[in-house]
Amino acid sequence: MRASRLLSHTLLAGVALAFLYPLIFAVATALKPPGETFGSPTALIGSELRWRNFADVFDYVPFERYIGNGVLVSGAGTLVVLAASALSAYAFTALRWRGRDGVFLVFLATMMVPQEVLVVPMFLLMQGLGWVDSYQALIFPWAFTAFGTFLLRQFFKSVPGELREAARLDGAGELRVFLRVMLPLARPALGVLAVFTFIGYWNSFLWPLIMINDVNARGTVPLGLQLFFGQNGNQWHLVMAASVISVLPTLLLLVALQKHLVKGIATAGLAGR
Amino acid sequence: MNPRTTEQWSALGFVTPSVLGLGLFTLFPVGMAVVMSFFEWPMLGTREFVGLENFRYLLGEDPDFLTALRNTFVFTGLYVPLNLLLALGLAFWINRSRWANLWRVLFFVPAITPMVANAVIWKLLFQAVGGEPNLLADGRTALLAVVAMSVWQGFGYNMIVFSAAINEMSPSVLEAASLDGATGLRRLLSVQLPLISPALFFAATMTMINALQVFTQPYILTAGGPGNVTETLVMNIYQAGFESRDLGLAAAGAWLLFAIILGVTAVQFLGQKRWVHYES
């Protein structure tokens, strides 16, 4: 029994190592001197560990700009998503109003529409608003998702109605009940939604590719990385250093929040059935 | 004011941001997309009503659309089963380990790191270990290489969904099954898989919807090449709209993609009665 346990763990470690190989390879290449990427045999370690590659990336392209833009767009987008979803989730859970079920059905239906259908007319809409090549064009079009409303509604429903009634009897208005009773209770759900939304914005590629003309001014990380990669396809040590840099923030987020994330996926997954 | 009316007014306040946002950024574009697909709609210049001409062109004359359609189906047909099998196998394996959480997080890493970065890394990997011509440059293997990279980056998400479902399997049912003599493969096939079938159904549906919309991986890895063996539907839509600047054609292509997604999802929902068991 113990021997088979050990074997299973050793095998699993082997599988995990093979799985992580592309990332290990990226870090190794990012530390190699220029021109040694394809040195044969394809050794992981070059003739020196060249940490300067990471600094060089920032000399070649304004990578700090991409990171700053990414934080700005993802942060603002996340705030809008949280606010709008929480408000409407409250209306769908705690309040009775005419047309509620009909409106909720329309909300659900919008989840079916793929981004590609929206992208073409959205481009024209952005032109009409004069938003092409702007931050707000990256933030707002995807900030009103029925998914957030749907997810938070599931959590709000688990809050006993008596709690809200008690607050109302104490003279609290709806906004107060929402802010003081519901939001604090839904903090774990809000956290999960926030992390997923942030990561979604941070990684998004197709829409910024369409919307942003001046990548060096308003590009986010994936866009900047793609541009940099296109121009430096032969400078692989720098391209890998840039890739490693762009992977780091989400990696840190994952390590810091792994328990909540894993639980959130389980819940979001189950909410789907 | 009576309490019912107050509640109506406050509800209005609470839903307005979402309703306005969804209206402006989802419903309005959807309506626009319908209209646009019936027009020749260049990015600059005059537009002209052409009826079903865009659809006819895509399905009849466009040299690339049908290829992109076939590539997308081949990608989906390979990607979805591979992703699910790997996710399922590892979820069962990992759940018995004391370090389950560590393994879960580890396999989840590429699912949340930027797809562009992952794809760029794999592009170099294919060049460095691939020989000449490397897997991405060879027309026979390019699509397979794109599938491999995509499975690597995507299966961790489903693994966590499955892992959660496995954890929630009712111990009493499992125990009853083992008392009845269900062990090994039989236990897996007739007890455990049915118990987690709702999670399997959810994952299969979502993964297929995502696979039909694949864009970033082939865009970075191969740019659709060599020739057009890795060009996908979304890539075709992107090129029609933003490279050829024919927005009407792109809208029509997007509608065809949506119709395919709806059709496939509908088939899955109809088929679920046969194999998905919900605890009642």
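This is a predicted model: local features need pLDDT of at least 70, side-chain atom pairs count only at pLDDT 80 or more; totals for chains, interfaces and linings use all residues.
**Chain B at a glance**

The accessible surface of chain B is about 12,700 Å², and carbon and sulfur atoms make up 65% of it.

Q: What is the mean pLDDT of chain B?
A: The mean is 92, and 98% of the residues of chain B reach 70 or more.

Q: Which element has the lowest mean pLDDT, and which the highest?
A: Among the elements of chain B, helix α7 (residues 171–179) has the lowest, at 85. Helix α10 (residues 216–221) has the highest, at 97.

Q: OK, the fold. How many helices and strands in chain B?
A: Chain B has 12 helices and 2 strands.

Q: What radius of gyration does chain B have, against a compact globule of 280 residues?
A: Chain B has 23 Å, whereas a compact globule of 280 residues would be near 19 Å.

Q: And what does the C-alpha trace span?
A: Along the principal axes of chain B, about 80 × 75 × 35 Å.

Q: How much of chain B is buried?
A: Of its 280 residues, 56% count as buried.

Q: What share of the contacts is between residues 24 or more positions apart?
A: In chain B, 70% of the contacts with a separation of 6 or more.

Q: Switching to charges: how many positive and negative side chains?
A: There are 14 positive and 16 negative ones in chain B, and the centres of the two sets are 11 Å apart.

Methods
Residues are numbered from 1 along each chain as its sequence is written. Chains are lettered from A and ligands numbered from 1 in the order in which they are written. Side-chain values use heavy atoms; hydrogens and water are left out. Helices (H or I, at least four residues) and strands (E, at least two) are DSSP runs, numbered from the N terminus. The radius of gyration is taken over C-alpha atoms; the globule rule is 2.2 Å times the number of residues to the power 0.38. Buried means under 20% relative accessible area, exposed over 50%, partly exposed in between (1.4 Å probe, protein chains only). Contact means heavy atoms within 4.5 Å. Accessible areas come from the Shrake-Rupley method with a 1.4 Å probe; for residues, only the protein chains shown count as cover. Lys and Arg count as positive and Asp and Glu as negative; His and the chain ends are not counted. The place of a charge is taken as NZ of Lys, CZ of Arg, CG of Asp or CD of Glu. pLDDT is the predictor's confidence in each residue, from 0 to 100.
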